[in-house]
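Work through the exercises below with the sequence and the model open. Each task is followed by a solution in steps.

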Amino acid sequence: MIPVSVQDVLEGLETAQNVFKVGFRKTNNANQKYREFGDDVRNLAINLDLLCAVIKRAEQLGESLVEKNRFTKPGFGADVASRQVLGDFVDTLNDCQHLLDNEKYFQKYEDFVTSINWYNQIDPEVQKLRERIAFHNIKLSICFKLLDSKIPEDRFLLIVDSTNAILSAAEQLGQQIRGDDEDRDIYNFLPGLMAIPQELEDGFKTLATKLYPDLSTISLHLGIDTAVYHFNKLTKTPDRQQQSEIRYLVAIINIMKAAWILRIVRTSHDYQIVANYAPLDAFEEQMDRWGLTVQRFFDKFENELHEAMKRLLGRHMLLPPTPDLLEIFEMERSIWPGQLESNSKKEIELAELGTKLIEAKLRCLDAGYTQTMKVFHQSEKRFNLLLVRASQGREKETIDGYDLEHVQIVPAYAKRTWATPLLDPQIIHFKTDDMSPVSRSLAFNQIKDMFEFQQSITGYKVIHDVTRVLTTSYESKLLSGSRRQELCRLQLWLAPAPKVDNQSATSSGTATPYSTAAGLASRRSSQTSFTSSNSARRKSAMSALSMFSGGMRSSSSSRSSVVHDPPTLPSFDGSVGAGSTRAAIYTPPILPCVVLFAHKAPAHGGDRENTLRSFLIVDIIPEVTIEQELKENDNTRESFSCVIERKGSYLLAWRSPETSDASKWDLAAAGIHQRRTRTESLKRLKHVIVQFDTQTDLLQFLTKFEKAKDLAKLRLSQYVRAAG
């Protein structure tokens, strides 16, 4: 049977009736375009009412008790939306409702539209809605032609046949070109396969495969809509300067396109699934007996296309010369609807921005607008930010490119002070340097989206987040030490896995994994050491571990996420060897780290220290240990504290410049691209004590810290083994 949702039909009927009643019954200054818009909505309401009557009668005759929310779409559990024949008329009518709710254009009195401000900018949107409604009405008209007039009983007289207007337009155009008035009886013969010149078929296929290389993957919904699109173009008002002969040839080509598309869709996977769908109950069997099947729908649609072609060509059904048709086809060269082709072009344009890392919905203060953000990495140190602001079907795009070494991000969740409560945690203030200043406030709906954006700037994934800890850091000096206590927000950061690049070897053929001297020198100029005092032999290899990774990868992160990194690195190229013409360049792994969003605890005698802020970053190297601190009085573990230290040496740590201005507390300074230039290395940081509010927070941190450390060890050992 034809896929149909009983609930959609009932909801669509109610919406269509309400849209027509509210928007069109009491308007006092409606122009012709608005009245035609109302007629389209009214016709769709009539057709949906008739379809509802057919469904109810089928239920009665089939003795099937079907609930209103029962779906009768084949392929339940699969992507059934793409297999619908009638289309999503509920969504179309909801868009009509949203348009009428815009008081800028439609003024209401007691919930009824009474006055209309018809501006030029709203006309394209109305025309798109009218076209969508026309598609639904055409498909419903074809369905009703499959029924016997006795089935809908007296309601059969109310059918609004949208195909009649198309056939009349084809006949009028054909008579205008031929100059004759033929007898309708000549059209009463069985149609065969529509003749399409081979050159045109090849052109159709070439255009179609640009978007769908495998034509069998075309969805049923798209195929039918494309055929209806070309069929409906016969009623389009032509350009007055366009000659009748050209319009005649264009109309013939459009009918051929529609017929060709239907042939292709018959071979698609979706069509085979729906066509072979067996009725599940008496209701569906009754619909099949009435002829409401996908096969008969396609047959009837093809008959309508044959009828339109006959009315265009006349008595002898002779096609115009093929060179004339090819010349017109080459002028247009399109097969898919304009919106689909524009979407494809848009995808190509987006691909030119780079690799998409994240896409997230942003919050807007204006409820009438929606905003979407997309981040693309164009190169290792450059990214593009795309913001799309949409309202009532209209979109405005802003695309800006930035250098990762010259951007700043100030997360609102980091601005909490010792005394003030937590601020809005899902806003990030994004800025660039003074050379080309740009400032944006990005308000995210989900904290995971905010962390993903943070990752795209810093290069690190947030694998754990604790909103409030108290830290005490001890720095050892020659004669004495210093103690510093701070209130912090704590995060565990994990860098992306290292990548392996295969580059051309030198002409001598004696390439090694480090055959590119320039690339190696640049890597060694910015290295973070993994060296161990226990193994001098590993010192030279381990010291090649760079903070600057060549690759970024996007991943979804959330506050409750746990490290699930694959146990192995990207596979190294085993084909690279002494006789190979390519050499593998192994990128050293980047250390995970603990990041503390710190501000000093209040000190007596000064307010300035209460607002000094900085970032403390502690790299998690294999020699770093973390131990739960025991209470001094006894062996009970109730302090909820742990100690981060490096046995026999100092911690590998950095601190960003302190600032009393929260708007300058730039988190990008802790990231991969700016840490070496915007933080200061702490040479003698002995250990850091972290105190948590609850034991649960402490245990979660200990667990995830150890996992990050184990992963760092694994990546290091694999790098040393692969790079030698």
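**Exercise 1.** Which residues in H8 meet which residues in H12?

Solution. The model is predicted, and the contacts are read from it.
Step 1: on the H8 side, the residues are Ile246, Leu249, Val250, Ile252, Ile253, Met256 and Lys257.
Step 2: on the H12 side, they are Asp324, Leu325, Ile328, Phe329 and Glu332.
Step 3: sorted by class, the contact of H8 with H12 has 9 nonpolar, no polar and 3 charged residues.

**Exercise 2.** Decide whether H8 and H12 are roughly parallel or roughly perpendicular to each other.

Solution. Step 1: find the angle; helix H8 (residues 244-266) packs on H12 at about 80°, and the two axes are 10 Å apart.
Step 1: apply the cut-off, by which angles of 65 to 115 degrees count as roughly perpendicular.
Step 2: H8 and H12 are therefore roughly perpendicular to each other.

**Exercise 3.** List the residues through which H6 and H12 meet, then sort the contact by class.

Solution. Step 1: H6 contributes Glu199, Leu200, Gly203, Phe204 and Leu207.
Step 1: H12 contributes Thr322, Leu325, Leu326 and Phe329.
Step 2: the contact of H6 with H12 has 6 nonpolar, 2 polar and 1 charged residues.
Step 3: compare the lists; Leu325 and Phe329 of H12 meet H6, and both also meet H8.

**Exercise 4.** Which strands pair with E20, and in what sense?

Solution. Step 1: strand E10 (residues 461-476) is joined to E20 by 6 bridges, and the two run antiparallel.
Step 1: within E20, valine 688 stands opposite serine 473.
Step 2: strand E17 (residues 641-646) also pairs with E20 in the antiparallel sense, over 5 bridges.
Step 3: here glutamine 691 in E20 is the bridge partner of serine 641.

Terms used: Residues are numbered from 1 along each chain as its sequence is written. This is a predicted model: local features need pLDDT of at least 70, side-chain atom pairs count only at pLDDT 80 or more; totals for chains, interfaces and linings use all residues. Side-chain values use heavy atoms; hydrogens and water are left out. Contact means heavy atoms within 4.5 Å. Helices (H or I, at least four residues) and strands (E, at least two) are DSSP runs, numbered from the N terminus. Ala, Val, Leu, Ile, Met, Phe, Trp, Tyr, Cys and Pro count as nonpolar, Asp, Glu, Lys and Arg as charged, and the others, Gly among them, as polar. Two strands pair if DSSP finds at least two bridges between them. Axes are lines fitted to C-alpha atoms, for helices over the stretch in contact, and angles run from 0 to 180 degrees between N-to-C directions. Angles under 35 degrees count as roughly parallel, over 145 as roughly antiparallel, 65 to 115 as roughly perpendicular and the rest as oblique.
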